[in-house]
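Visitor: I have a structure open here and would like to go through it with you. Could we begin with the interior?

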Amino acid sequence: MKLLKHRISAHLFQNFREFLVRNFDFDTANQAVPTYLLDQIEIAAANFAEGEAIRLIDRESLLAIKDALEMSYTDGITAITEAYLQPDDSITGKFIDKVNPKITKRLEFKLTDEELSYILVNDRELANFSEEDWLDFAAATKPKNCKKGIPCGGSCIAASKQCRISSLAQQTSNKKAIATAQENTKSLNKTPDTVLTIKAGIEKVDAKYKVKLSALEAQRNEKIKQIDQAFHLPLKDFEKVMDDFRKADKKYSDLIEKAELEKGKLIVKELKKTYEQPRMQQHHGMSEAEDMWSVKIGNTSFHGTEEFSADHTLVKTVSALLQQKDLPAHFIDSTKNVFFSKQLNKDDHYWQVKYNNPTHISGATGGDRNIVFYNTQNGSRIDEYIHETGHNFATKKYGGVDPPKLSDYGKAIKSPHPSEYGRKSKAEDFAETARMYFLDPKRLKEDAPERYHVFEKMMKDENYAG
Ligand SMILES: [Zn+2]
């Protein structure tokens, strides 16, 4: 096979299978590919999986790349059809040299601080053209041409050879192209990640209050011990001990609240950058539309009424979510929109009858990739958030809120759910497992180990069917 003569650098293997099929009538499904070539494909695949390449489309970068390529490819380049700035700051891509109306040379290149390399990828196709076809190009107005080979620095090399140039002039030209590409993609690279910014801010606040909080917590725990020893004291003295405890407890919780408010303020500050003006919205069990503004964090949009301030339920919920450890993005992303409504769920009566519980009032509803919170004037709603996201995750995973009987999760339902609410239906079973996995893992693991392990696998492996 002719290809074996090529010395192709790893970047050229990106679409290697496709390349084999296209250029060598190579049927990779049925023909054996030499092992060492397959190894190269794996290496190339690994190289490309490391980070995201940024496609270069701005004129300035492409012109700088063209200049660098033409330092060595002296026949003239018709077009750069693809160019990417790679995470390792190299530039890779494809260019064409239209020799005449019939013949086009297609090449792939890689450009680094050190070296320019390129190789012809359609040499087999070119070999099929007749002398007459090539003659045409003698009439072309292009200045200096390598006929069936490719230009490489000052000379022509065989079509099957790779050109590698690392002269000082070439390096200078390459560096200029890379710098231009970096400069012109800077805004793409530096898109601020709201989640990371807020998490860093939260860590700072935690660090600031850490010492003082643990001192106050120790004082409070000391007072609890004193209560234990004060039961035999006269009532008046006992009241005094209780009073001391209340004061210590208040100091401690006031400082926690102060820290949380500071976190809330930085969340508001960051999310305001994504603020959208209020519009009328009505979803799930809302009886009428409410005028809701919107903010976005990660892939989820949050919608609320009233003042968007640090003590808004929405902000407290987001704060709790960001401080919750190990919430995987593929779980959290199951929820696309979250609405904080002031109304009660109009379907409460239906559920009161269905659940045979006349005092049942729904806190939130989910399942269609959205969540609506009702009667929202309290603190963080993280419990319900994770429960409802459990329903949304089931929908994403199974196409509906009920885990199928034959799914791994369906098979894991053997005993009654440790949470009473989880016994109402298969859907609630799954949602309660989600809630407990994050907020009460010890109990879930002890009381429902099969459910715990299936859910854990789903959290750790996005592609696991569950
Ligand atoms: Zn539910």
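Guide: The model is predicted. Its largest nonpolar core has 42 residues, and those with the most contacts inside it are Phe-373, Ala-434 and Tyr-437.

Visitor: Which helix gives the most to this core?

Guide: That is helix H15, residues 426-439, with 6 residues.

Visitor: And which domains does the core draw on?

Guide: At least three residues come from each of domain 2 (194-273) and domain 3 (283-308 + 323-460).

Visitor: What is Ala-434 in contact with, leaving aside its neighbours within four places in sequence?

Guide: Ala-434 then has contacts with Ile-386, His-387, Thr-389, Gly-390, Phe-393 and Phe-455. There is also a second, separate core of 24 residues, which includes Leu-107, Leu-111, Ile-119 and Ile-150.

Visitor: In which sense do E11 and E12 pair?

Guide: Strand E11 (residues 300-304) pairs with strand E12 (residues 337-340) in the parallel sense, over 4 bridges. Phe-302 has Val-338 in E12 as its bridge partner.

Visitor: I am curious about His-303. Is it buried or exposed?

Guide: His-303, which is in strand E11, counts as buried because it has 22 C-beta neighbours inside 10 Å, and the cut-off for buried is 20 or more.

Visitor: What does His-303 touch, not counting residues up to four places away in sequence?

Guide: His-303 touches Gln-281, Met-292, Ser-294, Asn-337, Val-338, Phe-339 and Phe-340. Three of those names, Asn-337, Val-338 and Phe-340, fall within the range 337-340 of strand E12. As for Pro-278, it is 25 residues from His-303 in sequence, and the two are 8.6 Å apart in space, C-alpha to C-alpha.

Visitor: Which residues of helix H10 are buried?

Guide: In helix H10 (residues 313-323), the buried residues are Leu-314, Val-315, Lys-316, Thr-317, Val-318, Ser-319 and Leu-321. Their cover includes helix H9 (235-271), strand E10 (290-297), E11, E12 and helix H13 (382-398).

Visitor: Now the antiparallel sheet, please. What is its order?

Guide: It is an open sheet of 6 strands, in the order E1-E2-E3-E4-E5-E8. Strand E1 (54-55) and strand E8 (163-165) are its edge strands, each pairing on one side only. E1 and strand E2 (residues 79-85) run antiparallel and are joined by 2 bridges, and Ile-54 has Leu-85 in E2 as its bridge partner.

Visitor: Which strands does helix H3 touch?

Guide: Helix H3 (residues 59-72) packs on this sheet and touches E2, strand E3 (91-98), strand E4 (104-111), strand E5 (116-120) and E8. The direction of H3 makes about 110° with that of E2. Helix H6 (residues 168-184) lies across E2, E3, E4, E5 and E8, and runs at about 110° to E3.

Visitor: Finally, the chain as a whole. How many helices and strands are there?

Guide: The chain has 17 helices and 14 strands. Of its 466 residues, 28% are buried. Among contacts with a separation of 6 or more, 61% are between residues 24 or more positions apart.

Note on methods:
Residues are numbered from 1 along each chain as its sequence is written. This is a predicted model: local features need pLDDT of at least 70, side-chain atom pairs count only at pLDDT 80 or more; totals for chains, interfaces and linings use all residues. Two strands pair if DSSP finds at least two bridges between them. A residue is buried if 20 or more other C-beta atoms lie within 10 Å of its own, exposed if 12 or fewer, and partly exposed in between; C-beta atoms are placed from the backbone. Two residues are in contact if their C-beta atoms, placed from the backbone, lie within 7 Å. Axes are lines fitted to C-alpha atoms, for helices over the stretch in contact, and angles run from 0 to 180 degrees between N-to-C directions. A nonpolar core is a set of buried Ala, Val, Leu, Ile, Met, Phe, Trp, Tyr and Cys residues joined through C-beta atoms within 7 Å. Domain bounds come from an automatic or database domain assignment.
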